Amino acid sequence: MRKLLLFLLLPSFTWAIELTGKVTQGGLITAKVKAGAEVTLDDKPLKVSPTGIVVFGFGRDERGERWLRWREPGGQWQQRRLVITEREYRIQRIDGLPQKMVTPDPDVLTRIRDDNAQVAQARKTVSQHTFFAEGFIWAAEGPISGVYGSQRVLNGKPSRPHFGVDVAGPVGTPIVAPADGVVTLWHPDMYYSGGTMIIDHGMGVSSTFLHLSDSHVKVGERVKQGQHIADMGKTGRATGSHLDWRINWFSVRLDPALLVPQR
C-alpha cells in the first residue's frame, strides 16, 4: 500500500501523521496518531484505538475534498486537506437472466428485506480490534471476473453498481480469510447472495463473501489471515461459480482490489 507522511513544522519539533492507503473513490485509509489524540473527518469524530490507530474510507461516488483534523492530548488542532481522486467504472451487460431474478416477485420481498437487515446489523459491529491495519491478502485464487464500481445492466435494465471484486473458479474452491477477524454472520441461502459470510476486521471494517457453497467456521469464531473459511459456489443470483468479495467501513462500500497485491 502507498504510505503518505504528512509533516507539520512546529516551532520546536517536527511531528508526523502517517496515512496508509489511497485517497480515491473506494479507498480505505488507516492513520496512526499519538495515543489519546482526537481525530475528525469533516468535523465528524473518528474512533481512535488505544494505540492510536484510526480508519476511514471513501465511497464509490464520493468527490471533492475532505478535511482530516487531529489534536494530541493538550495540544492544538492540526489539519490536512485530502482531495479524493475520481475513477472511471466499467459497464457490464448480462442478458438471459430469469426475469424473477431481475425483478423479484412480491412474495420474496419480505425475505429480501430480512436478508438486508441481517447484513446491515452485522456491519454495524464496532469492535476494538485493529486487524485491518495488518494488511489484506486475496480471499481466493482465480481469474478476476468482475470489478468494483462497475455498472451492471441485467436484461437491459441498469441495476445498482457492483461493490465487490469477483474471483471465478470451480465450486468448492477454497476461500480464505483476507485478514484476521471474527465471524459475525453466516447465512447459507440469502435470496440474492446465496451463502453469505461477514467477518469483522475491527473498528467498522468488515469483509463480506457472497455466493458461497459451504462454510468452515461459525459465528463468533476468531479466524486468522489465510485460514480456510468457506468454499466458492454459485448460490443465490449467480450466473456461474465465483466469489464476490466486498469490504465495508460501516455502510461505506470500498474496493478490496486497492488493498491487495495487483495480479
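## A buried tyrosine and its partner

Tyr 148 has 4% relative accessibility, so the residue counts as buried (under 20% relative accessible area, with exposed set at over 50% and partly exposed in between, using a 1.4 Å probe and protein chains only). Phe 163 counts as buried too, at 11%. This is a predicted model, where local features need pLDDT of at least 70 and side-chain atom pairs count only at pLDDT 80 or more, while totals for chains, interfaces and linings use all residues. Residues are numbered from 1 along each chain as its sequence is written, and side-chain values use heavy atoms, with hydrogens and water left out.

## Rings that meet

A search of the whole structure turns up six aromatic pairs (rings of Phe, Tyr and Trp, the last by its six-membered ring, with centres within 6.5 Å; planes under 30 degrees apart are stacked, over 60 edge-to-face and the rest tilted). How do the rings of Tyr 148 and Phe 163 sit? Their centres are 6.4 Å apart and their planes at 65 degrees, so the pair is edge-to-face. Tyr 148 is in the loop between strands S10 (144-146) and S11 (151-154), and Phe 163 in the loop between S12 (157-161) and S13 (165-168), so the pair ties together parts 15 residues apart in sequence. Strands here are DSSP runs of E, at least two residues, and helices are runs of H or I, at least four, numbered from the N terminus.

Over the face of Tyr 89 lies Arg 60, 4.2 Å from the ring centre (the cut-offs are NZ of Lys or CZ of Arg within 6 Å of the centre and within 35 degrees of the ring normal). Arg 263 does likewise with Trp 138, at 4.0 Å.

## The largest pocket

The largest pocket holds about 1,200 Å³ of space. A pocket is an open set of points on a 1 Å grid over the protein atoms alone, with protein on both sides within 12 Å along at least five of seven lines; lining residues have an atom within 4 Å of a point. Its 43 lining residues include Arg 160, Tyr 192, Leu 210, Arg 237 and Arg 246, which lie nearest the centre. Helix H2 (109-123) is among the elements giving two or more residues, and H2 gives the most, with six.

## The second largest pocket

About 320 Å³ lies in the second largest pocket. Of its 14 lining residues, Arg 87, Asp 255, Ala 257, Leu 258 and Gln 262 are nearest the centre.

Notes
1 Å grid on protein atoms, 1.4 Å probe; cavity = no way out; pocket = protein on both sides within 12 Å on 5 of 7 lines; lining within 4 Å. Points joined across faces, edges and corners; volume = space filled by probe spheres on them.
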